[in-house]
Every structure is written in C-alpha cells, then in structure tokens.
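Here is a short briefing on one protein model. Look at the structure first, then read the points below with it in view.

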Amino acid sequence: MSTRQEDRSSNVFYISSHGLAGDHWFDWFAKALNAHPEILIYMGESVRSKYLKERSRKERPDLIEFTKFLIDFGAPYTAVGECYAYRSYQLEALWGVYGDKTRFVNLVRHPYCWLGFYTGWRCSNMNMPPDNISGVEHEWNVTCHDEIKKYNLKPYNRENVDIWSSYQGMLILNRMVSDLRPGIKNVRLEQIANEKDVFLEIVDYVTHGRIKYDRRLLNLIYLWVNKPFRKHSIIREFPEKEFALWPEWKKEAFEKIVNKETIVMFKQHGYSF
C-alpha cells in the first residue's frame, strides 16, 4: 500500500451490525452520517449480490483490500464510512493492519425489535420484486433446520416464513455474543435515535474528531428519526409492545432457543426484559 493510502487510513471507518432488515433507525443513522458534506457513506456491499451475482449473498470482499478501495473511493472527503456489510468480529482484522487509525462501532438493537424486523423482512420477500424469491430461498436454505428440530417447537414448512425465520433469528441472537469482546464499541441504536450527544460522540470517535455537526444540521437529521424512508416501513420503538403481540409458540421458542448468556449480554448493553 502506498504512503499516500497509509496517510489516509484514518479517513475510513466502519459501522457494523447483525443486519438492518428494513429497520428505519439503521437507515436513518447511515443517512444522518451522509448528510454531512464531508462524510461519504457507502452501503453497496450489502446490496450488490442481490443483483450483480458477483458472489454469494453471505460473502463480503476481503476487508483489507476493501479498506484500500474506500481510501481511494472517499479521497475527496474528510471521512468515508461503510455501514452494515461486516460483523464486528470480522472488523477486528483491521487492528493488525491499521491499529487505531481505522475505527469501527457496532450498533445493537433490543432483541424483540430486532426479531420483528428480521422476520418481517423475510415475510415481505426482502424488498425484492414478487417474481424474484432468490433471497428468501437463500434464507430457507441457510436456516439451521436440524438444530431447530432439537427444541421440539411448533412445526413449519417452507411457506411458514414467519415461523422458521423467527427460529433462525433467535439462533442469530445467540451469535451476537461475539460482539461482547474487548475493544469492540457496542452502542444501542435506540440511544442514538433519542440522544443527540451520543450521535455526536460516535461521529467524533470514528472521524478522529475531524467532523463537527452544526446545530441546524443536527436538528434537521433528528427530524427524520421517526419518518421512515421506505414505503410501508414501521417504527418498532417499544420492545414490551412487540413481545405482548407475540403468539405463544414464539414466546416458547424464545425461552428455549435464546441462551442465558445471550440475555446477560443484552442486559449488559442496557436492555431490560
């Protein structure tokens, strides 16, 4: 890598998550960052595989090479960030190459709300045209059916997207324990959406203090918090209301599938159940 690229490695940052699934607040956060004239946000790697077929839906580009691409891609900007393509444990590889220069933050969401979006996204064909069900087919094929059978839960078939995606989502919640590691900065998305100072702290951290939002811009982006950008989007703001609407089979599944370790992790993030 050239000296010029090395000098700009601190211009790049990443925002990780375990999937936004049409959650407006994830969209809002990326758009709020992109609203600043000196920040460029790239979200293409979570979309390209749907249309260009360059790789599988799960695969991502080599992280270090992709970071070099972002350094070049965002050259006219003070900061360039990629949102949501990578998981936080994957981003740890940056430390060995860039140290503290290329920073990342992992966004977490209350599991009840996260599950609502996870299942809803799959039930709505993942924002794809009705004649293209490749995304849902992929999700069905990667669902851990054998593991789910062990819990003796409500049975399902391919058409019961709400059931099998709920079970798979709960298994993924257990995988989120990987986010609770030394050096990984986990921030509740709900907190960002409700506290401007938290948003500014994240911006200051990932841009090494180079980016400042004036009050007018900050007020503007917070007008968007509860105004969905996608048609038919909803806001899942209250976890207890989400849980109250769950059928009994879903509550039973959550009790059986989600590990105690996972619940402890979410409580450490500041969530209550």
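**Briefing: a sheet and its helices**

E255 is exposed, because its relative accessible area is 65%. Exposed means over 50% relative accessible area, buried means under 20%, and partly exposed lies in between, with a 1.4 Å probe and protein chains only. This is a predicted model, in which local features need pLDDT of at least 70, side-chain atom pairs count only at pLDDT 80 or more, and totals for chains, interfaces and linings use all residues. Residues are numbered from 1 along each chain as its sequence is written, and side-chain values use heavy atoms, with hydrogens and water left out.

**Where E255 sits**

- E255 belongs to helix α15 (residues 248-257). Helices (H or I, at least four residues) and strands (E, at least two) are DSSP runs, numbered from the N terminus.
- E255 and M170 are 85 residues apart in sequence. In space, their C-alpha atoms are 9.7 Å apart.

**The sheet**

- Five strands form an open sheet in the order β2-β3-β1-β4-β5, with parallel pairing. Two strands pair if DSSP finds at least two bridges between them.
- β2 (39-42) and β5 stand at the edges. Each has a single partner strand, so one side of each has no neighbour in the sheet.
- From one strand to the next, the twist averages 25°. Angles run from 0 to 180 degrees between N-to-C directions, and axes are lines fitted to C-alpha atoms, for helices over the stretch in contact.
- Strands of a sheet pair through backbone hydrogen bonds, either parallel or antiparallel.

**Strand pairs, one by one**

- β2 and β3 run parallel and are joined by four bridges. I41 stands opposite G81 in β3.
- β1 and β3 also pair in the parallel sense, over four bridges. Here V12 stands opposite V80 in β3.
- β1 (residues 12-16) runs parallel to β4, with four bridges between them. Y14 has F104 in β4 as its bridge partner.
- β4 is joined to β5 (residues 186-188) by three bridges, and the two run parallel. N106 stands opposite N186 in β5. V108 has R188 in β5 as its bridge partner.

- How many of the six residues of β4 are buried? In β4 (residues 103-108), six of six are buried, so the strand is mostly covered.
- Both faces of β4 are covered. R103, V105 and L107 lie on one side, F104, N106 and V108 on the other, and all are buried.
- β3 is mostly covered too, with five of its five residues buried. A79, G81 and C83 point one way and V80 and E82 the other way, and all are buried.

- Contact means heavy atoms within 4.5 Å.
- Helix α4 (residues 63-73) lies across β1, β2 and β3. α4 runs at about 125° to β1.

**Helix pair α7 and α10**

- α7 (residues 111-123) and α10 (residues 161-175) pack at an angle of about 135°, with axes 9 Å apart.
- α7 and α10 are therefore oblique to each other. Angles under 35 degrees count as roughly parallel, over 145 as roughly antiparallel, 65 to 115 as roughly perpendicular and the rest as oblique.
- The crossing of α7 and α10 is right-handed. A crossing is right-handed if the near helix is turned clockwise from the far one by less than a right angle, and left-handed if anticlockwise.
- Residues of α7 in the contact include W114, L115 and Y118, and those of α10 include M170, I172 and L173.
- By class, this contact of α7 with α10 has nine nonpolar, five polar and two charged residues. Ala, Val, Leu, Ile, Met, Phe, Trp, Tyr, Cys and Pro count as nonpolar, Asp, Glu, Lys and Arg as charged, and the others, Gly among them, as polar.

**Helix pair α12 and α13**

- α12 (residues 196-206) and α13 (residues 215-222) pack at about 115°, with axes 11 Å apart.
- That makes α12 roughly perpendicular to α13.
- The crossing of α12 and α13 is right-handed.
- K196, F199 and L200 of α12 meet R215, L218, N219, I221 and Y222 of α13.
- The contact of α12 with α13 has five nonpolar, one polar and two charged residues.
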